[in-house]
Amino acid sequence: MKILIFNTCILNNGDALLVKGLYRKLRNDGHKVAMSDMCSVQLRTKKYPNIKWKRGILWFGEFTLEAIQRYPFLKKILIWVRVLKSRLNTHYDLIISAPGGYMNHFYGFEERLYTLLCLKKIHRAKLVMYSQSVGPLDMKDKSVLDKYMRYFDLFMVRDQFSYDFVDSYKNVILTNDAAFLNIPKKPNNSRSKIIGIAVREWTYDGNTISNYINNIIHLVEVSIQEGYKIEFISTCQGIQGYTDDSMLAKKIANIIPRSARDKVTVNTDMHTVRQLRDKIARYKCVVGTRLHMCILSILTGVPAFNISYEMKGIECYKQMGWEQFSCLYNDSSQIVLDKYRYFLNNLEKIEKDTVVESQKMHQSAEHYYQIFSDLIIKGAQSENDKNKVC
């Protein structure tokens, strides 16, 4: 089967973790797979040269963006032209919208759904939304969803919060996070005294960055009191022109009390998923604001404490039965510190549980992949066989 994974954002290592697990599974099953990304060809090819890349249909250069700003109607025309060109080069049997979390009122997701519909129609392909987060949604968002949902052959959501927004549709299944398709490994951290902390600025839904920074500083101080060193590191950093969490990390490091600063470093380098995983394997634990920093840590057998800026973090930890290791972005310092102290004081047990839980979540992700494969891939092959007989 020829498959296009659309709407990837490979410069974000969280998104890279999501799509690489799915990409590997599809390739191992013998399918021809290409990806279409939201960034420039040069950047994505430089970071992941071994992936087969196709032009990003929704990536526009500076000149094109200026033209679209002047004449907004040009965008839909350009999308159609690019989709038509994609059909001239290759015929895809299946279009998959990459796993992730963009279907809520913080992002404009209608043009992505419109592009998916164009791809489905031009290629006469099956269409799947793979392991997506949905919500919160306003009334406009709900009307957009109603407009496009019937075109999906399968719509997979990764948590109960998301499922509650779409459970009235018949083409929906509840899964776990697709990042767990990646194979779990064991850590190399038995003597480690380093804690990795990943931060993110998030000011939506009434969140305040000052309260969050204050909480991170408290976590750093508690960690140092317990004999640990801190390294700030993120899934998003080190790429010019893209989101760089190390900027916030440096800001926080500069206001940490002087007595503790010699125990704190800020890593500003760009990493591939594999390089980042090698770093995490040497940490005693991770504090992650971006969910997939936590999931990558768990897949490496390293305990992860989550500060959830969206519901996807809380929901993922609920699936694992680990609500006590997750808190909200703007929770009070008392709530955050109580949970974190319990986490630090029980690291030995949590590390053993992490190894077990990563295997369970991996097996669940494999199970949901098999459901997808049976419904969409094997189902399509059976239809083709019937057509040949007829």
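Colleague: Why does Asp-353 count as partly exposed?

Modeller: In this predicted model, Asp-353 has a relative accessibility of 29%. Buried means under 20% and exposed means over 50%, so a value of 29% puts Asp-353 in between, as partly exposed.

Colleague: And what makes Lys-349 exposed?

Modeller: The relative accessible area of Lys-349 is 52%. The cut-off for exposed is over 50%, so Lys-349 is called exposed.

Colleague: How do you know that the side chains of Asp-353 and Lys-349 meet in a salt bridge?

Modeller: The N to O distance is 2.7 Å. A salt bridge needs a side-chain nitrogen of Lys or Arg within 4 Å of a carboxyl oxygen of Asp or Glu, so Asp-353 and Lys-349 qualify. These two residues are four apart in helix H15, which means that about one helical turn separates them.

Colleague: Helix H15 has come up, so let me ask about Lys-360, which lies there too. Why is Lys-360 called partly exposed?

Modeller: Lys-360 has 47% relative accessibility. Exposed would require over 50% and buried under 20%, so Lys-360 is partly exposed.

Colleague: What makes Lys-25 and Glu-366 a salt bridge?

Modeller: Their closest N and O atoms are 2.7 Å apart, and the limit is 4 Å, so the pair counts as a salt bridge. The structure holds 12 salt bridges.

Colleague: Which parts of the chain does the pair of Lys-25 and Glu-366 link?

Modeller: Distant ones: Lys-25 sits in helix H1 (residues 13-28) and Glu-366 in helix H15, 341 residues apart.

Colleague: Are Lys-25 and Glu-366 buried or partly exposed?

Modeller: Lys-25 has 14% relative accessibility, so Lys-25 counts as buried, the cut-off being under 20%. Glu-366 is at 25%, and therefore counts as partly exposed.

Colleague: How do you know that Lys-126 and Asp-153 form a salt bridge?

Modeller: Their closest N and O atoms are 3.9 Å apart. With a limit of 4 Å, the pair is within the definition and therefore counts. Lys-126 is in strand E6, while Asp-153 is in the loop between helix H6 (139-148) and strand E7 (154-157), 27 residues apart.

Colleague: Why is Lys-126 called buried?

Modeller: Its relative accessible area is 19%. Buried means under 20%, so Lys-126 is buried by that rule. Asp-153, at 29% relative accessibility, counts as partly exposed.

Colleague: Let's turn to helix H4. How do you know that the span of helix H4 agrees with what it should be?

Modeller: Helix H4 has 16 residues, 74-89, and at 1.5 Å a residue they should span 22 Å. The end C-alpha atoms are 23 Å apart, which agrees.

Colleague: Which residues of H4 are buried, and what puts them on the same side of the helix?

Modeller: The buried ones are Ile-79, Arg-82, Val-83 and Ser-86. They cover an arc of only 100° around the axis, so they are on the same side of H4. These buried residues pack against helix H5 (110-123).

How values were computed: Residues numbered from 1 in each chain as written. Predicted model: local features only at pLDDT ≥ 70, side-chain atom pairs only at ≥ 80, totals over all residues. Heavy atoms only, no water. Expected span 1.5 Å × (residues − 1). Buried < 20%, exposed > 50% of the residue type's maximum accessible area, 1.4 Å probe, protein only. Arc of directions from axis to C-beta. Contact = heavy atoms within 4.5 Å.
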